[in-house]
Amino acid sequence: GEAGTSSVVIMSEGGVRLEVPVLAEAPCARLALQGDAAAGVVRLGKEVRVAMRVVNEGQLPGSFAAMLPAGSALLVEPAEGAVAAGGAQDLEVSFTPSEAGVFEEVLALEWGGTDGVDDMAEAQDDDAARPRGASVQVTAEVVSQSFELLRGAGEPGALARTPAPLAETDFGPVYFGEAATSSATVLNNGPEAVVFRVAAVAGTKAAPDGVDEIGSAPSTDVDPSSFVPSADPLKEGAFAVFPREGVIPPYGSATLALTFAPTKTAPSKGFHSQEREDQSEEYVYTAFVSFAGHERRLRLPVRGSGEMAALDVRPAGLLRFGDVAVHDAVDRVVSLVNTNGVLPCRFAIGRSATFKASPASGDLEPGASAEVTLSYGPRTLGTHREALPVRVLSAGSGRTVGAAKIAMTGVCTAISSRRPIVGGPN
C-alpha cells in the first residue's frame, strides 16, 4: 500500500526518552506485468500473438492503459481495463511483421488506481505522484518462408552438396503396361510446419508468379500437428503421385513418389508393322503443390511417352516349307525386327514337336534385327500348320509387353530312311 511514517516517544520515570518510528501502509492497488514478450522465430507476413498478463497483488482495484506511439506495429487487446484486488487480466499482444530481420518494439502500460488511491497519491511528493506503470520489449526474429522443388533421392543431381532444383520430370519412353518411377523433394524453407497438397491436370498449365487456381489448397486454419493425410495416391490418367498430401516440418522436406504407367490395348492380331504414330503416344501433365496459408504454389511439368512393343517378322505372312519326309528337316531363315525406334526389347520364341527356332531368344536394340532359323522336321505324315508364339519382353524388367506369331505350314507325304547315328552301329 501507500506508506506513511510517524513516531512514538516513550519517556521513562528516570527521564530517559525513547523515540520509536512507526510505519503504516494504506490499502492500494499493486499492479505488475507478467509474461514472456520474446516471440522467437516467426514467419514474415504472419500475425504473431504473445500472451501477457496484468496482475493486481494489492488490496484495492487498479487500472491499466496501453501507451502505444502513433504508427506502432503492436496491438493490445484489451488496450485498457480494470483489475480487481487479487485478480488478473490476460492481454493478447499481436503484430504482423512486414520485413525480415529483428523485430523490437516497447510495450508500455500505465497504471491507475481507484479515486481513493489517486487522492492518496496527490498527498505524496511530486515523484510519488507521477504516473506509475511497466514496460517490456516485444522481440522476434522474422524470417521468410519459401518452398522449393528439388530432385529426389536417386535422381541425377540429388547427391550433390546443394541438391539441384527440379524444373521438369521427363520419364521418357515407357512400354505400355510398364511403369516408370521417379521422385521429387518438396523443401520447406521456413520456421513453421506446413500442410501441403498435390493436384495435377492433363496438358501444360502455366501460372503467373507460380499462382494457379487448379485443385483446392489445404484450409488455412488446418493444424499440422493433428492433420491426418489421405492414404490414397493422386491419380491423373497415366500419372500418379504419393503421398498426395502431408505435413512438412520446419526446415524439413517431404519426398513425392512419381509414377508414370501408360496403358493401351495391344493389337489383337499379329506381327504386322504398325505406323510410328500408332506405336507411340505422348503424355503431358502439370502437377501443382499448394500449401496451407500460402498463396504461392510450386509447378512441376511432367511428360513421358507410351510405347507399343513392335516386332516385325520378315518376310511376313505364312511361311511354307513344302513337302518334307519324316526324319528329314528343312530350314527357313526369317528376320525379327524391333521396329520401335526408342526402346530395346527381348524376344522369346515358343517351340513345338514339328517346328523349332534357333536362336529361340535374343536381345534387340531399337530398330535392330536378328536372323532366326526355323526348322520343319515332321514326325508324322500329313499336313502340319502351326503358329509359334513370340513373346516380346521389356529389356529392363523382363515383363511381357507384346506378342507376335510366326505362322508356318508344311506337308509330309513320305518316310525317309532314318539317318544313322554318328558313332553308332551300322
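1. A residue counts as buried under 20% relative accessible area, as exposed over 50%, and as partly exposed in between, with a 1.4 Å probe and protein chains only. By that rule H327 is partly exposed, because its relative accessible area is 31%. The phi of H327 is near 80°, a positive value in a residue other than glycine, and H327 has its place in the loop between β23 (319–323) and β24 (330–338); helices (H or I, at least four residues) and strands (E, at least two) are DSSP runs, numbered from the N terminus.

2. The model is a predicted one, in which local features need pLDDT of at least 70 and side-chain atom pairs count only at pLDDT 80 or more, while totals for chains, interfaces and linings use all residues. Residues are numbered from 1 along each chain as its sequence is written, and side-chain values use heavy atoms, with hydrogens and water left out.

3. Y251, in the loop between β18 and β19, also has a positive phi, near 55°, although Y251 is not a glycine. Y251 counts as exposed because its relative accessibility is 51%. Most residues other than glycine have a negative phi, and most peptide bonds are trans.

4. One joins F242 and P243, with omega about -5°, and P243 is found in the loop between β17 and β18 (245–248). Another runs from S358 to P359, with omega near -5°, and P359 lies in the loop between β26 (355–358) and β27 (361–364).

5. Strands β16 (residues 234–236) and β17 (residues 239–242) pair in the antiparallel sense over three bridges, where pairing requires that DSSP finds at least two bridges between two strands. The two strands form a hairpin with two residues between them, and G237 in the turn has a positive phi of about 65°. L234 has V241 as its bridge partner in β17. Strand β17 is also joined to β19 by four bridges, in an antiparallel run, and F242 stands opposite A257 in β19.

6. Strand β3 pairs with β5 (residues 48–56) in the antiparallel sense over four bridges, and the bridge partner of L31 in β5 is N56.
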